[in-house]
Amino acid sequence: MLKLVVCIKQVPQVSELPWDPETWHLQRELAEGMMNPACRFALEAALKIRDKIGARITAVTMGPPSAEEALREAVALGADKGILLTDRKMAGADTYTTSLTLSKVIQKIIPDFDLILCGASTIDSDTAQVGPQLAEELDIPGVAYVHELTIAGNKARIRRVADGFSETIEMELPGLVTINTTSEAPRYMSFRGFQQAFGESDIITHDAASLGLHQEWIGARGSATKIRNVYSPIAERGNLVLTGTNKKILDQLFTLFDDRIGGVVGKDLKTEKN
Amino acid sequence: MGEKKRAIWVFGDFRNYFQNRVTLQLISKAREMAGMIGGEVCVVVLGSQTAEYVSEYIAHGADKIYLTEDPRLVEYSMETYSFLMERLARREKPEIILVGATSFGREFAPHVAKRLGTGLTADCIDLDIDEKGLLVQRAPSFGGKLIAETVIPERRPQMATVRPGIFQELPHDFSRTAEIVHVPMPDNMPSDRVHIISREPSPAKEDHLEQAKIVVCGGRGMGSKKKFSRLYELAELLGGEVGATRPVVYLNWANREALVGQAGKQIRPVILFSFGISGAIQHTASIRKSCFIIAINKNPKAPIMKMADVAIVADAGQICNALINELKQRIRR
């Protein structure tokens, strides 16, 4: 049977993010989490393949212990199994070490995978780099920003739009795709799935030691990029504030800017009074 | 022989006009930084029939062109391009590689960085050289609240993808000359595991938003899909285009094509109406080039209100309706 791996990430939901002011890393364990939206689309793409031709789906995540929630959600939605990579030593990983760490667990537990599916990007760091780098790490072909995917034999048939081109692509398997949020909308959880996920579901945990990963290779220490500073970038313009009733606001707006707006629109917006 | 110059490379992304522009913008920034490290600006061009682009790149500031010109490169290919770029970078050892954050660039750069075993910062909105000569990369990060400043202290090359439209290209100077280094494609190319079956210009009206003089942008503060849909009516009256924030696209109130922000469009209208948008950095960094911003938000403390020229403290949906009515009356006359 086809073996699919879906990489998911739990991302913070809160608007105020807890930062560690020493290391400039996000204190993920303090933030309320949710499954990253594009990862849900990746899981949906895997579920669609399974519905059609059958497949076994393993969801993998790396994160704090609370990232197990995202795995349970994946199981509730239909994944067969979840793997949680959690280790304080893995914290602060850039995309280089994240893709390395994910590749190790996949090679160890599902070495005979056919297809890996990732979300195209995450809403927190939004690098879109882990998928392509994981493909490199495993020496398999990768295609990013996919919005339609079917499997035929040992090939994946892909459609996507990139840089103003609409492309149809055939990728040899095993391979990796990253799925856009423009693809088919994810399904909702069924009650049975919910029971399954929070009953005795098949979630296993790994850390650096169990994967044979030296701490020099992982987390912030192994990362090629170092965050040096983080700051808030609000550019202030000396601005005009309008308040009051809607009518008062619009009167002021048009009194002051009817020429300016009308000039761009190409229409005379003045009232008779003017 | 003197010591080899520290090189800043720019990937020559020439496939369409927009990509060509970001390459020129990067050449300009690379020139500035090359001055700071006593280095040279090299552009890597992989393709077939590239003479026109090569002369453009030289006229815009390249000191050196690495050129692989081969009929097999008639179409962009991720695997072939990554292979060639890795091979060349291993041989020439550049200090920095900059890639435009086009769709191709954002996929290509991580492949190359991984092959070279080095670091890569995504979608930078600013670059600098610090006192030690390191490349300082600034990119929006984590939920859109903040800018992260990243360096790659040890590994080389230092790599970054850079958002189009951030840097100004230099004026043409067709009297400039540059060294052209021909790099033939090797015979032992690995076979491509990804096959392009068809590639056609997408019919999506992609550029309208980026070129619109008036943009009406809506966020979650519009309240509902129904209320959001009235923005289209407003845009129609104003002869403008509708943009949307990421939450709105996720909620399916607007199409992905309308996304203004990181991973979406950069806009530069003469007038921007911003409805019910709080102003996360992924969004605001993409509207900064707007000449005049009118923001409508219930929260006077929302970040967008500080960067707006006119900050209207009110319900976005109501102001949208009132503005539609007002414009209908005024335009009728």
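**Ground rules.** I number residues from 1 along each chain as its sequence is written, and I letter chains from A and number ligands from 1 in the order in which they are written. The model is predicted, with local features needing pLDDT of at least 70 and side-chain atom pairs counting only at pLDDT 80 or more, while totals for chains, interfaces and linings use all residues.

**Entry 1: domains of chain B.** I looked up the division of chain B. Domain 1 covers 6-182 and domain 2 covers 208-332 (bounds come from an automatic or database domain assignment). Their C-alpha centres lie 33 Å apart. Ten residues of domain 1 of chain B are in contact with eight residues of domain 2 of chain B (contact: C-beta atoms, placed from the backbone, within 7 Å). On the domain 1 side I find five nonpolar, two polar and three charged residues (Ala, Val, Leu, Ile, Met, Phe, Trp, Tyr, Cys and Pro count as nonpolar, Asp, Glu, Lys and Arg as charged, the others, Gly among them, as polar).

**Entry 2: the sheet of chain B.** I traced an open sheet of seven strands, in the order S5-S9-S4-S1-S2-S3-S10 of chain B, with parallel pairing. Strands here are DSSP E runs of at least two residues, helices H or I runs of at least four, both numbered from the N terminus. A pair needs at least two DSSP bridges. The edge strands are S5 (120-124) and S10 (179-182) of chain B, each pairing on one side only. The twist averages 20° from one strand to the next. S3 (64-69) of chain B and S10(B) pair in the parallel sense over four bridges. Within that pairing, Leu67(B) has His182(B) as its bridge partner. Helix H3 (78-92) of chain B packs on the sheet, and its direction makes about 150° with that of S2(B). Axes are lines fitted to C-alpha atoms, for helices over the stretch in contact, and angles run from 0 to 180 degrees between N-to-C directions.

**Entry 3: chain A against chain B.** How many residues does each chain give to the contact? Chain A gives 70 and chain B gives 74. On the chain A side, H7(A) supplies the largest share, nine residues. That side divides into 34 nonpolar, 21 polar and 15 charged residues.

**Entry 4: H7(A) on H10(B).** The axes of H7(A) and H10 (316-332) of chain B come within 10 Å and cross at roughly 55°. The two are therefore oblique to each other (under 35 degrees is roughly parallel, over 145 roughly antiparallel, 65 to 115 roughly perpendicular, the rest oblique). Contact residues include Ile249(A) and Phe254(A) of H7(A), and Ile319(B) and Leu323(B) of H10(B). By class there are six nonpolar, two polar and one charged.

**Entry 5: H4(A) on H4(B).** H4(A) and H4 (103-116) of chain B pack at about 40°, with axes 8 Å apart. That makes H4(A) oblique to H4(B). Their crossing is right-handed. Among the contact residues are Glu136(A) and Glu137(A) of H4(A), with Lys114(B) and Arg115(B) of H4(B). I count two nonpolar, two polar and five charged residues in this contact.

Note on methods. Two residues are in contact if their C-beta atoms, placed from the backbone, lie within 7 Å. A crossing is left-handed if the near helix is turned anticlockwise from the far one by less than a right angle, and right-handed if clockwise.
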